[in-house]
Amino acid sequence: MISSVRGQVASVGLDHAVVDVGGVGLAVQATPHTLAGLRRGEQAELATALVVREDSLTLFGFADADARDLFRLLQTVSGIGPRLALAALAVLEPEQLRHALSDGNITTLTQVPGIGRKGAERLIIELRDKVGALPGGAESPAATSPSRVRGSVVEALIGLGFAAKQAEQTVDAVLAKKTDADMSTALREALAVLGRKR
């Protein structure tokens with residue numbers, strides 16, 4: 001089992017990064033939030049989970065071990081595979097996900113593409129007792145202020161290879177429509193808009 005990788009970031013795509021580990025380029029699937037923290041040419045360390053299938057070996061990377069452990073835990077539920085588990089962590093921060101599971105919040109869980117009401121109920125039933133909700137889950141107002149969100153999302157998009165002007169215009173358009181968007185929501189919306197333009 002490969003539990004972590006450390007090396008120079010060779011490239012960053014929309015859904016994966018290539019990390020050069022001892023001369024071998026490892027493709028690591030990750031969420032936009034994790035990828036936003038990587039810079040081409042810089043050193044990076046990611047907690048990882050290797051998913052083995054008959055026809056493939058896929059490495060999934062996370063900013064920390066907590067997100068990786070939650071990724072593994074989600075897959076213990078019938079019907080939840082690695083792609084859906086990664087989607088859940090792309091839409092919800094680990095802390096938000098833990099709270100949604102422990103509080104039985106179906107509305108939050110169904111925000112994840114591919115998880116319907118029945119799937120959310122199954123997740124809650126099977127994982128409620130296995131996740132400990134983290135204390136002090138609410139983000140501080142400063143962390144979700146529009147200027148903070150705008151700056152973080154623009155920086156993340158530039159890190160993914162988009163031009164600064166294009167990133168700024170896209171984020172401004174997204175935040176004009178969703179003034180209360182948090183960073184993960186704004187980043188997801190901006191990537192959807194930019195993906196349509198390519």
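1. The model is a predicted one, and the distances and percentages here are computed from it. Residues 107-126 are likewise 65% helix and 0% strand, with 17 Å between the end C-alpha atoms. Both spans come from UniProt, where an unreviewed entry lists them under "domain: Helix-hairpin-helix DNA-binding motif class".

2. Helix H3 covers residues 82-91. Seven of its 10 residues are buried, so the helix counts as mostly covered by the cut-off of under 20% relative accessible area. The buried residues are Pro 82, Leu 84, Ala 85, Leu 86, Ala 88, Leu 89 and Val 91.

3. The structure holds one cavity of 30 Å³ or more. The volume of the largest cavity is about 30 Å³. Its lining consists of Leu 74, Ile 80, Leu 84, Ala 88, Leu 97, Leu 109, Ile 115 and Leu 123. By class, these are eight nonpolar residues, with no polar and no charged ones. Leu 84 and Ala 88, both in this lining, are also among the buried residues of H3.

4. The largest pocket contains about 290 Å³ of space. Sixteen residues line the pocket, and those nearest its centre are Ala 30, Thr 31, Pro 32, Ala 87 and Ala 90. At least two lining residues come from each of helix H1 (32-36), helix H3 (82-91) and helix H9 (183-197). H3 gives the most, with five residues. The pocket lining is made up of nine nonpolar, four polar and three charged residues, whereas the lining of the largest cavity has no polar and no charged residues.

5. Helix H8 runs over residues 164-177, 14 residues in total. From its first C-alpha to its last it reaches 20 Å, close to the 20 Å expected at 1.5 Å a residue.

6. Which residues of H8 are buried? They are Ala 167, Thr 170, Val 171, Val 174 and Leu 175. These residues lie on the same side of H8, because they cover an arc of only 130 degrees around the axis. In an α-helix there are 3.6 residues a turn, so residues three or four places apart point the same way. The face of H8 turned away from the buried side carries Lys 165, Ala 176 and Lys 177, which are exposed.

Technical notes. Residues are numbered from 1 along each chain as its sequence is written. This is a predicted model: local features need pLDDT of at least 70, side-chain atom pairs count only at pLDDT 80 or more; totals for chains, interfaces and linings use all residues. Side-chain values use heavy atoms; hydrogens and water are left out. Helices (H or I, at least four residues) and strands (E, at least two) are DSSP runs, numbered from the N terminus. The expected span of a helix is 1.5 Å times one less than its number of residues. Buried means under 20% relative accessible area, exposed over 50%, partly exposed in between (1.4 Å probe, protein chains only). The arc is that of the directions from the helix axis to the C-beta atoms. On a 1 Å grid over the protein atoms alone, a cavity is a set of points where a 1.4 Å probe fits but cannot get out, and a pocket is an open set with protein on both sides within 12 Å along at least five of seven lines; lining residues have an atom within 4 Å of a point. Grid points are joined across faces, edges and corners, and a volume is the space filled by probe spheres set on the points. Ala, Val, Leu, Ile, Met, Phe, Trp, Tyr, Cys and Pro count as nonpolar, Asp, Glu, Lys and Arg as charged, and the others, Gly among them, as polar. UniProt positions are given in the numbering used here, feature names are shortened, and annotations may be inferred rather than shown by experiment.
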